[in-house]
Amino acid sequence: MKRALFPGSFDPLTNGHLNTIERAAKLFDEVVIGVFVNTSKKSLFPAEERVALIKQSVLHIPNVKVVHQESQLTVETAKELGATVLIRGVRNIKDFEYERDIAQMNHHLSNELETVLLLAEPKYSHISSSLLKEVLYFGGDVTEYLPDAINEALARKRESNEL
């Protein structure tokens, strides 16, 4: 069985992430979405809620599961899961350079682990979770860039003045 790990903070999961997951699920027997902590970012959703929202968003993809990890390196999580491939999405040249460096470090830490870069579809190449959070902060509409479960959670946050 060929298992791949798609690590990220996914805060929030975007339609670009979802598209990458759907495409990766066609390439591998199982795709594990690893919800990791990014210490340099302020979270919109707590990790447990992100996991639940992602699970809702990927219900239509039978060979995808979601795990939460906050206390170890990605390569260690991959090893524990039996994943031999890391999936990463690339939107532009800046992403490529960043992901190349991470892939090289991950390969140094675990030389049996490969990274597969999937190019973003053009309609998603300009969006990022950070950009969407910025637009949300100022009251902008980003619903077309997010799965339904995420939009519903954001609506609840707005109603309770958490946004």
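**Exercise 1.** In this predicted model, find the bridge partner of Leu86 in β5, then work out how the two strands are joined.

*Solution.* Start at Leu86 and look across to β5: the partner there is Thr115. Now widen the view to the whole pair. Strand β4 covers residues 85-90 and β5 covers residues 114-119; they run parallel, with 6 bridges joining them.

**Exercise 2.** Decide whether Ser9 and Thr74 are buried or exposed, and see what touches each of them.

*Solution.* Take Ser9, which sits in the loop between β1 (3-8) and α1. Its relative accessibility is 16%, and buried means under 20%, so Ser9 counts as buried. Leaving aside neighbours within four places in sequence, Ser9 is in contact with Val35, Phe36, Asn38, Lys41 and Arg50.

Next comes Thr74, in helix α3 (residues 74-81). At 18% relative accessible area, Thr74 is buried too. With the neighbours within four places left out, Thr74 touches Leu5, Pro7, Phe36 and Leu86.

Last step: check the record. An unreviewed UniProt entry puts a "binding site" feature at Ser9, Lys41, Thr74 and Arg88. From this set, Ser9, Lys41, Thr74 and Arg88 are part of the lining of the largest pocket.

**Exercise 3.** Work out which residues of α5 are buried and what covers them.

*Solution.* In α5 (residues 129-137), pick out Ser129, Leu132, Lys133 and Leu136 as buried. Look down the axis: these buried residues fall within an arc of 100°, so they line one face of the helix. Their cover includes α1 (15-27) and α6 (148-159).

How values were computed: Residues numbered from 1 in each chain as written. Predicted model: local features only at pLDDT ≥ 70, side-chain atom pairs only at ≥ 80, totals over all residues. Heavy atoms only, no water. Buried < 20%, exposed > 50% of the residue type's maximum accessible area, 1.4 Å probe, protein only. Helix = DSSP H or I, 4+ residues; strand = E, 2+ residues; numbered from the N terminus. Arc of directions from axis to C-beta. Contact = heavy atoms within 4.5 Å. Pairing = 2+ DSSP bridges. UniProt positions renumbered as here; feature names shortened; annotations may be inferred. 1 Å grid on protein atoms, 1.4 Å probe; cavity = no way out; pocket = protein on both sides within 12 Å on 5 of 7 lines; lining within 4 Å.
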